[in-house]
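Here's a quick tour to read alongside the viewer.

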Amino acid sequence: MKASWMTALALSASMMGSAWADLSAHVYNGWGFDSSGNISTAGLTPLGSFIDPQIDHWDGSFTYKWNPLGEDESYTVTWAGYLLAPTAGEYQFRTVSDDGVQVFIDGARVIHNTAEQWFGAAQGSATLTAGAHALDVRFYEAYTYDGIIFQWMKPGDTDWSIVPASALVTAVPEPESLVLALAGLAVAGAMTRSRKGRPQA
Ligand SMILES: [Ca+2]
Ligand SMILES: [Ca+2]
């Protein structure tokens, strides 16, 4: 079983050409909201981007400082791309963030936790078809400590886990590649469930 799981993952990875690029984090100086109360980069100065395959920037401590691109205070980070749902069903999503965060899936606001906070958790859910769904994550840091994680509980999962890099891409995959990637995710998910879940903060 392990061999087939590894094969499926390798197959998925081999499909990841340019159209399959990992997510990127885009960093801006400052933070703010639009008139709808959504975290917005309007008027902010872009500081740069870096490849960020999964949103996993907190070690569970309350004195953590992520400092992306060396930024410590007053910055915004956005990630935009697609979430690959391996099966149809209801997905739970969770963030822990310092400070605020929003998650949009297919344009719907799934997590809205925009206040300044000290590593606060938030949850939301979305009923998804199997396949690619537009993902838009926005995060800002005001002062002192900073970090963010983005987790999910897929249909059938019993524990939170970091949304894996294999489920996050920057462009809609080709249909043939998508089928292979989803198969790999489903197999990996089954393997994860068969092991004792590692606690996630
Ligand atoms: Ca900071
Ligand atoms: Ca902070």
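## Ground rules

Helices (H or I, at least four residues) and strands (E, at least two) are DSSP runs, numbered from the N terminus. This is a predicted model, where local features need pLDDT of at least 70, side-chain atom pairs count only at pLDDT 80 or more, and totals for chains, interfaces and linings use all residues. Residues are numbered from 1 along each chain as its sequence is written, while chains are lettered from A and ligands numbered from 1 in the order in which they are written.

## The overall picture

The chain has 2 helices and 12 strands. Reading from the N terminus, you get α-β-β-β-β-β-β-β-β-β-β-β-β-α.

Of the 201 residues, 35% are buried (20 or more other C-beta atoms within 10 Å of the residue's own, with C-beta atoms placed from the backbone). Take the contacts (C-beta atoms, placed from the backbone, within 7 Å) with a separation of 6 or more: 73% of them link residues 24 or more positions apart.

## A cis peptide bond

Look at Asp98 and Asp99: the peptide bond joining them is cis, with omega about 15 degrees. Asp99 sits in the loop between strand E5 (89–98) and strand E6 (101–105).

## Positive phi in a loop

Now go to the loop between strand E3 (56–57) and strand E4 (75–85), where you'll find Asn67. Asn67 isn't a glycine, yet its phi is positive, at about 55 degrees.

Leu69 counts as exposed because it has 12 C-beta neighbours inside 10 Å.

Key:
Two residues are in contact if their C-beta atoms, placed from the backbone, lie within 7 Å.
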